[in-house]
Amino acid sequence: MTGVPASAGGGTGRPGRPAPGGKLGAAAVNQASLWNIANILTMLRLVLVPGFVVLLFQDGGYDPVWRAWAWAAFAVAMITDVFDGHLARTYNLVTDFGKIADPIADKAIMAAGLISLSVLGDLPWWVTGVILFRELGITLMRFWVIRHGVIPASRGGKMKTLAQGTAVGMYVLALVGPLATLRFWVMALAVVLTVVTGLDYVRQAILLRRRGLAKEHGAAAGGR
């Protein structure tokens, strides 16, 4: 049972005759399915992106209090990144909107943090360039090989995401002394993982495409 009235499902008790407004009712049910907890968390993360940037640049971008608030917004965004995908898979809440919006939200919050920190002079532009180039490149590469299969998220990729989020969060905070030194090394680890996992994804994509093309050629030869 779904709890949907018969009129919403298009039933009138008369076989073969849809109820007036049946299509509208079905559309309303489909639309309501978008408003699940996983998609709401994804939308919250998208809203937090401009909010994070505004907070970070308050009073010239160097006020410790405002940067603490910016860190809080960034932290919430990263936490929702952990939970929305898990909830969608666990409770069968996967939607077309979520498939598109989730990776966009992920890249948006990280790009906002990296670019903002480079604009403020806290992070070298080459670091931002390396990370963003890798993320954009891997995203495009996934589309390149999607007809042959999906490249699964690896443990190294998850470690990379954790290292990037931790490093950017530490740079957002106005840290001094040993903590400021520590964040340098955390960012260095993030850059290394970014490059290494990126190269591994390229290797997987090439192998996946080769296997896919081999299957297609085999199928074509067998059909002759």
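**Close-up 1. Helices α5 and α6 side by side.** In this predicted model, helix α5 (residues 96–119) packs against α6 at an angle of about 160°, their axes lying 9 Å apart. That makes α5 roughly antiparallel to α6, a term for angles over 145 degrees. Axes here are lines fitted to C-alpha atoms over the stretch in contact, with angles running from 0 to 180 degrees between N-to-C directions. The crossing of α5 with α6 is left-handed (the near helix is turned anticlockwise from the far one by less than a right angle). Where the two touch (heavy atoms within 4.5 Å), the α5 residues Lys107, Ala111, Leu114, Ile115, Ser118 and Val119 meet Trp125, Thr128, Ile131, Leu132, Glu135 and Thr139 of α6.

**Close-up 2. Helices α3 and α4.** Here the axes of α3 (residues 37–56) and α4 (residues 64–90) come within 8 Å and cross at roughly 160°. α3 and α4 are therefore roughly antiparallel to each other, and their crossing is left-handed.

**Close-up 3. The lining of the second largest pocket.** Take a look at Val130, Phe133, Arg134, Gly137, Ile138, Thr194, Val195, Gly198, Leu199 and Val202, which line this pocket. Both α6 (125–145) and α8 (178–222) give two or more residues to the lining. A pocket is an open set of points on a 1 Å grid over the protein atoms alone, where a 1.4 Å probe fits, with protein on both sides within 12 Å along at least five of seven lines; lining residues have an atom within 4 Å of a point.

**Notes.** Residues are numbered from 1 along each chain as its sequence is written, and side-chain values use heavy atoms, leaving out hydrogens and water. As the model is predicted, local features need pLDDT of at least 70 and side-chain atom pairs count only at pLDDT 80 or more, while totals for chains, interfaces and linings use all residues.

Methods:
Helix = DSSP H or I, 4+ residues; strand = E, 2+ residues; numbered from the N terminus. Parallel < 35°, antiparallel > 145°, perpendicular 65-115°, else oblique.
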